[in-house]
Amino acid sequence: MSEVRIATEPRNEFGKGASRRLRRNQQVPGVVYGHGTDPVHISLPGRELTRALSTSGVLLELELAAGLQLALPKSVQRDPIKHTIEHIDLVIIERGEIVTVEVPVVAEGKLVPGGLLEYINDRIAVNADATQIPAQLTISVEGMTIGDSIHAGQVALPDGVTLAADPEMNVVQVTSGQIAEEPEEELEGVEGEEGVEGVEGAEGAEGESGAGAADES
């Protein structure tokens, strides 16, 4: 479990304009709440926060006006294009408190040739001491063949960590690595003065994506 101390500043201006000004100054707007306390609106240094969040399950020790406070990232909003952090919600925790968090799954080992590993769920929800959250859960896929799968209940957990997810939740499965070829359709031509008449068909699909923006509180 990694703990990172990070400085914060109180935030008194709200709305999109205030948030944009913070981001121009390499600051990230955020809010800290939990344990029956009133929400505390803060700004955090963007680079330090980004570096801290690169570690899964990181525990932040926030330097607040009222003193040091441990917190876990609850919700992180990122720019859909730049992937920079736009806003963060942090939940207060206490040492020794049991929290429910999602931990990334990492597979190791070699499959039987011809198989392709597919992640159905790349994170598993577990219950753990807030200061002992595992950075990742490792599963062995050594010798797995097409049709094999691993469910959440089969994943080994560290001491003191219990499963919060459905034990039957599929985590990974092995599928065929080969893509079946579609049979070629035979076109029958009619002989005539203008030769064989060809059939052309082309379908295109355009995907649209949009990102909704919400004012930070």
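**Loops and pockets**

Me: Is His83 buried or exposed?
Reply: His83 is exposed, with a relative accessible area of 52% (exposed is over 50%, buried under 20%, partly exposed in between; 1.4 Å probe, protein chains only). This is a predicted model, where local features need pLDDT of at least 70, side-chain atom pairs count only at 80 or more, and totals for chains, interfaces and linings use all residues. Residues are numbered from 1 along each chain as its sequence is written, and side-chain values use heavy atoms, without hydrogens and water.

Me: What's the phi of His83?
Reply: His83 is not a glycine, yet its phi is positive, at about 65°, whereas most residues other than glycine have a negative phi. His83 sits in the loop between β6 (67-78) and β7 (85-92) (DSSP runs from the N terminus: helices H or I, at least four residues; strands E, at least two).

Me: And what about Gln26?
Reply: Gln26, also no glycine, has a positive phi of about 60°, and it lies in the loop between α1 (16-24) and β3 (27-34). Gln26 is partly exposed, its relative accessible area being 48%.

Me: Switching to pockets, which strand gives the most to the lining of the largest pocket?
Reply: That is β6, with six residues (a pocket is an open set of 1 Å grid points with protein on both sides within 12 Å along at least five of seven lines, and lining residues have an atom within 4 Å of a point).

Me: Which residues are closest to the centre of the second largest pocket?
Reply: Of its 16 lining residues, the closest to the centre are Arg23, Gln26, Gln27, Thr84 and Ile85, while α1, β3, α2 (46-53) and β7 each supply at least two residues of that lining.

Technical notes:
1 Å grid on protein atoms, 1.4 Å probe; cavity = no way out; pocket = protein on both sides within 12 Å on 5 of 7 lines; lining within 4 Å.
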